[in-house]
There are 2 protein chains.
Amino acid sequence: MKKIGFASINITDGFWKKKQDMVKNTTSYAVYNRFKETHRFDALKCVPSKEYEPHIFWDSDIAKWLEGVSYILRKNDAPELKKLACEAISDIIENCDESGYFNSYFLVKDKDKRFKNRDNHELYCLGHLIEASIAYLDATGDERFFKAMCKYAKYVKKVFKDEKSADFITPGHPELELALVKLYEKSGDKDFLELAKYFIDEHGKNHCNERKTFESNGFTALFNQDEMLLKDREKISGHSVRALYLFSGACDIARLYDDKELKDSCKRIFDNIINKRMYITGGVGSTRYGEAFTVDYNLPNRSAYNETCAAIALVYFASRMQEIDLNSKYADCIERVIYNGFLSGISLDGKSFFYENPLEIDLYLNDVHRATNHNDYFPITQRKEVFDCSCCPPNIVRFIPSIADYMYTYDDDKFYVHQYISSETQHEGMSITQKTNYPADSKIELAFNIQGKKLALRIPCWCKKFEINRKYTMKNGYAIIDEPCDSVAIDLKMSVVPVRANPRVHENAGRVAITRGPVVYCAEGIDNGNDIKSVSIDINAEFDIRDSEFLLPTLHTTAKKPISTEALYTEADDSFEKIPLTLIPYYAFANRGESDMCIWLLESK
Amino acid sequence: MKKIGFASINITDGFWKKKQDMVKNTTSYAVYNRFKETHRFDALKCVPSKEYEPHIFWDSDIAKWLEGVSYILRKNDAPELKKLACEAISDIIENCDESGYFNSYFLVKDKDKRFKNRDNHELYCLGHLIEASIAYLDATGDERFFKAMCKYAKYVKKVFKDEKSADFITPGHPELELALVKLYEKSGDKDFLELAKYFIDEHGKNHCNERKTFESNGFTALFNQDEMLLKDREKISGHSVRALYLFSGACDIARLYDDKELKDSCKRIFDNIINKRMYITGGVGSTRYGEAFTVDYNLPNRSAYNETCAAIALVYFASRMQEIDLNSKYADCIERVIYNGFLSGISLDGKSFFYENPLEIDLYLNDVHRATNHNDYFPITQRKEVFDCSCCPPNIVRFIPSIADYMYTYDDDKFYVHQYISSETQHEGMSITQKTNYPADSKIELAFNIQGKKLALRIPCWCKKFEINRKYTMKNGYAIIDEPCDSVAIDLKMSVVPVRANPRVHENAGRVAITRGPVVYCAEGIDNGNDIKSVSIDINAEFDIRDSEFLLPTLHTTAKKPISTEALYTEADDSFEKIPLTLIPYYAFANRGESDMCIWLLESK
């Protein structure tokens with residue numbers, strides 16, 4: 001199974017065209033400016049400064065921004081962005097030392113600490129720099145950054161694999177594994193693939209607890225993805241972003257080495273996520289403690305961590321699974337993430353960001369914290385322009401311009417359409433055009449010339465009724481068009497569907513989430529007043545569907561609210577008040593001021 | 001309004017007779033033995049030991065046990081308990097220093113720290129020692145302990161009020177205030193009353209933040225009951241036990257000085273508790289952070305703190321309010337506490353204890369904590385025999401033997417019956433007998449000779465229908481018997497009542513608590529299987545009421561449970577499975593092994 005990269009695909013109009021324009025015109029500059037102000041770009045010059053203190057992971061922030069800008073440059077003439085990227089890249093290249101090493105922190109501060117501490121993010125930064133250098137080469141043809149990173153990667157191979165002279169064995173924050181596979185695929189140099197495989201194989205030998213030469217930071221082997229060999233893992237656990245970047249790399253290795261044990265482990269892990277540990281928004285990582293997965297069915301709404309980076313990492317994992325296992329569940333997962341738990345990470349104006357993406361906001365709880373003066377916290381209620389740990393904003397800058405990466409794969413017989421996005425594609429003699437206003441609208445028209453392959457259209461898991469104007473056969477969640485043709489029209493009938501969580505998710509017992517197509521809806525206080533958690537809706541309620549400022553429609557119905565009372569406890573009766581209820585796409589919450597928010601609404605009696 | 005103390009009342013049979021026998025025969029010894037093993041009694045000898053480290057609040061544990069044992073001795077011949085009490089009291093008396101001071105920690109360790117740190121609990125320990133000394137005097141006629149504590153209290157007056165030579169102004173853990181009022185009422189010495197008033201008046205002048213000579217422990221003025229004058233307080237806040245002991249003392253001062261401002265404040269605070277900050281069990285203190293009250297309507301079930309001592313302290317406050325304000329809400333509150341959130345603090349065998357009394361146990365959450373390795377916690381799921389901070393067990397030892405304290409008050413015209421407990425009472429020429437199996441049964445027979453006063457019977461807030469075989473007039477929640485008589489029969493008709501919380505209590509939205517009379521019921525996993533939070537009941541369901549091992553009946557009905565499914569998210573439909581549901585009195589939960597538990601059950605559609 002081969003994948004068609006975003007470079008071959010032009011998103012022409014519709015939902016994602018608007019989001020790509022926003023990133024190109026606004027977000028890329030907004031993130032640049034915040035990083036400039038916070039001296040992240042200055043730090044690349046590797047000169048000690050009294051003005052600021054560099055940070056061990058700043059290079060990864062820059063790298064993700066560079067990767068994103070390169071993706072924009074691949075598709076657009078953007079000389080100002082190119083100039084800004086060029087400057088940063090020149091600083092990086094100039095300051096690599098003779099070994100190839102680069103890290104704007106350890107070249108200036110703690111110079112004797114190079115490769116001493118597994119948690120110091122040096123290999124994580126390298127991974128992102130590698131990805132950026134490949135993207136920049138692809139966008140500009142300029143090889144210098146790419147070659148510098150190849151040299152650095154060779155040095156890492158020497159230190160970690162040949163000499164084993166570092167104070168730790170595997171990356172504390174996985175990412176390099178998947179980057180090395182990309183580097184191999186770009187350069188053809190098997191050293192990089194073998195180094196990636198080495199890291200994947202070593203993960204789980206409990207190195208992080210055995211070696212005492214570096215600080216443990218109190219993190220456990222579980223947190224560190226180091227409690228058992230990846231091929232033996234049954235469940236996803238520990239730090240969510242680390243886990244998902246690591247399994248993305250593992251998936252690549254399983255594919256390239258055709259490693260059945262590792263493939264099976266990846267399948268088990270993926271199923272564990274989507275069947276037991278994923279929010280309805282596609283968000284993952286139930287707790288801020290260790291930014292981690294917890295246990296099956298533990299999906300608290302208000303304190304959901306759901307880091308934006310984890311949503312992105314889940315797409316990376318799912319898209320790699322799509323290449324080794326033919327099942328629509330991977331594309332279903334990607335669709336769930338991109339329209340919900342990922343996209344909530346960025347404001348409608350493209351300038352501010354959520355690091356955590358909770359499923360509920362209850363403003364009065366802020367008062368609980370003030371009243372008790374304790375240090376625990378719930379996620380912030382408004383997006384911010386930059387964070388001290390600002391991994392998520394530049395991750396969005398690279399994700400949206402490359403979102404077409406997840407649309408198509410093909411093999412000798414079939415051409416798979418995983419995502420429905422209005423676009424034009426030319427790839428190795430094949431072409432395919434989609435015309436659609438999906439997911440605001442349910443109809444998609446496809447025209448194609450795919451060299452005699454059969455077209456396979458994903459029927460989303462949420463879609464119970466659809467029409468295709470050709471004969472088809474269902475297989476693995478895909479409708480395979482049986483008759484020879486060069487166009488197809490498909491209508492993925494959308495209705496408003498109330499969804500229940502598994503009864504083991506106790507937090508959502510007696511509640512439903514309202515969805516339309518792949519889009520999860522929420523109720524905000526600004527539309528619906530206080531106490532949304534006490535408002536109930538009938539699962540058979542009729543909804544009025546209205547165009548909105550959010551690119552996707554809003555939903556309107558009548559709901560029930562308990563009669564308000566002064567008493568704290570009263571005998572239950574059947575009286576209720578009727579109120580109008582407005583639901584907006586979840587991804588658009590918190591764009592109109594601070595407000596309560598709730599996805600899981602009470603089912604009325 | 002005068003109160004009839006428990007000394008005049010003999011509980012003859014029924015629910016509380018059994019509980020009093022349990023404390024006399026089992027709990028008093030169980031607590032003694034745990035305190036002996038942990039060297040709390042040894043510490044009274046005030047000799048440095050290598051075997052153990054004394055603690056600043058151990059004297060208060062001993063004092064509450066002594067007070068409880070004295071209450072038992074008042075009513076029973078218990079020579080073994082008397083001997084044990086005598087030994088402890090002798091140690092205390094012998095080791096008071098020449099000033100009168102006694103504290104088994106500061107007489108041995110940190111001798112130079114006397115009265116240096118507001119948080120050091122010395123005045124709190126004194127308060128409990130005073131209460132114990134009064135109880136012992138009343139039980140035995142032996143004045144030595146009482147006189148020693150009078151001397152110590154005089155010394156405290158000199159240091160804190162006359163010389164102001166201590167490093168702080170008011171008790172960091174209030175309790176002494178109410179004890180000094182008791183000491184005044186026993187001794188007639190106004191010095192003690194004035195010292196109590198002085199402390200009450202000084203609370204809220206923000207002393208705890210101004211004085212820098214002692215450690216603050218990070219506690220705020222809010223926590224410390226020191227952010228504003230008590231007469232200006234609108235809401236209950238901060239550490240729940242401290243707040244309620246303090247307002248109990250404030251209530252005494254308001255009564256004795258006929259201080260309208262302070263009375264009004266006490267009324268506002270009490271109403272704030274029962275209308276916005278009290279669990280349906282009568283438990284208070286929503287958070288472990290600072291063991292504190294939080295904000296209105298914040299009543300989380302699983303993490304409810306609800307310290308057993310706070311339940312007791314709420315009864316102390318309510319019973320004092322009963323003496324200054326004629327309204328059945330005070331006795332209603334006491335009844336709610338004693339059958340639910342207080343009594344859950346002790347096991348059915350009388351040997352083990354809860355410090356925290358949550359309204360829900362979800363065992364799988366323990367795995368979340370193990371998975372994330374973080375230090376936060378939910379309440380323990382099984383009672384323990386002793387705690388490091390073991391304030392609650394001896395508080396139960398003094399509370400149950402004196403529970404008749406809350407039954408009766410009288411004025412010139414009326415004789416108020418606040419609690420229905422099978423008993424015989426003789427007091428200053430009056431007599432009253434109750435025959436009842438309340439609250440297992442709803443009927444109470446009263447026979448009385450109350451010197452021409454009118455009998456006033458509390459009609460509980462939960463009781464919508466009752467029968468009295470005499471003519472009566474309702475006033476302030478009491479049925480005042482209008483016809484001259486010497487006996488009354490009342491039937492407080494009990495049905496099974498589903499209760500809703502105020503819609504602002506978001507946690508309980510869509511849920512009901514099942515009650516019968518004053519008793520709150522819960523569902524345990526041991527009877528009902530997993531996922532109780534997903535089980536729903538009809539508010540019009542019929543219940544089968546069966547006698548049980550818990551002294552009160554269990555309730556049985558049919559409930560609905562969602563069809564179990566593998567999928568994490570599914571389209572909502574109307575299918576359900578019917579299951580039998582068993583409810584037991586909340587107070588009896590966690591007596592049959594570790595189990596899920598839930599009070600607030602989902603309302604079925």
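Is A:Glu291 buried or exposed, and how many other C-beta atoms lie within 10 Å? A:Glu291 is buried, with 22 other C-beta atoms within 10 Å. Buried here means 20 or more other C-beta atoms within 10 Å of the residue's own; exposed means 12 or fewer, partly exposed lies in between, and C-beta atoms are placed from the backbone.

The model is predicted: local features need pLDDT of at least 70, side-chain atom pairs count only at pLDDT 80 or more, and totals for chains, interfaces and linings use all residues. Residues are numbered from 1 along each chain as its sequence is written, while chains are lettered from A and ligands numbered from 1 in the order in which they are written.

View 1. Phi of A:Glu291 is near 50°, a positive value in a residue other than glycine. The residue sits in the loop between α11 and α12 (308-324) of chain A. Helices (H or I, at least four residues) and strands (E, at least two) are DSSP runs, numbered from the N terminus. In chain B, Tyr297 is also not a glycine, and the phi of B:Tyr297 is positive, near 70°. B:Tyr297 belongs to the loop between β4 (292-293) and α12 (308-324) of chain B. B:Tyr297 counts as buried because it has 20 C-beta neighbours inside 10 Å.

**View 2. The interface of chains A and B.** Here 52 residues of chain A are in contact with 53 residues of chain B. Contact means that the C-beta atoms of two residues, placed from the backbone, lie within 7 Å. On the side of chain A that touches chain B, at least two residues each come from α11 (260-277), α14 (364-372), β14 (496-501), β20 (569-571) and β23 (600-603) of chain A. That side divides into 23 nonpolar, 18 polar and 11 charged residues. Nonpolar covers Ala, Val, Leu, Ile, Met, Phe, Trp, Tyr, Cys and Pro; charged covers Asp, Glu, Lys and Arg; the others, Gly among them, are polar. Of the interface residues of chain A, 100% are also interface residues in chain B, so the copies meet through the same surface.

View 3. β20(A) pairs with strand β16 (residues 496-501) of chain B in the antiparallel sense, over 3 bridges. Pairing requires that DSSP finds at least two bridges between two strands. A:Thr570 has B:Arg500 as its bridge partner in β16(B).

**View 4. Helix α10 of chain A.** Helix α10 (residues 240-256) has 17 residues. From first C-alpha to last it reaches 24 Å, close to the 24 Å expected at 1.5 Å a residue. The expected span is 1.5 Å times one less than the number of residues. α10(A) is mostly covered, with 15 of its 17 residues buried. Just after α10(A), A:Asp258 takes a positive phi of about 50°.

View 5. The A:Tyr438 to A:Pro439 bond is cis, with omega near 0°. A:Pro439 lies in the loop between β7 (430-436) and β8 (443-449) of chain A. B:Tyr438 and B:Pro439 are likewise joined by a cis peptide bond, with omega about 0°. B:Pro439 is placed in the loop between β9 (430-436) and β10 (443-449) of chain B.

**View 6. An open sheet in chain A.** Six strands run in the order β1-β4-β5-β9-β12-β11, with mixed pairing. The edge strands, β1 (2-3) and β11 (472-475), each pair on one side only. β5 (residues 414-417) and β9 (residues 454-458) pair in the parallel sense over 4 bridges. A:Leu457 in β9(A) is the bridge partner of A:Val417.

**View 7. Confidence.** Chain A averages a pLDDT of 94, and 96% of the residues score at least 70. pLDDT is the predictor's confidence in each residue, from 0 to 100. Over residues 210-217 of chain A the pLDDT is below 50. The model scores ipTM 0.95 and pTM 0.94.
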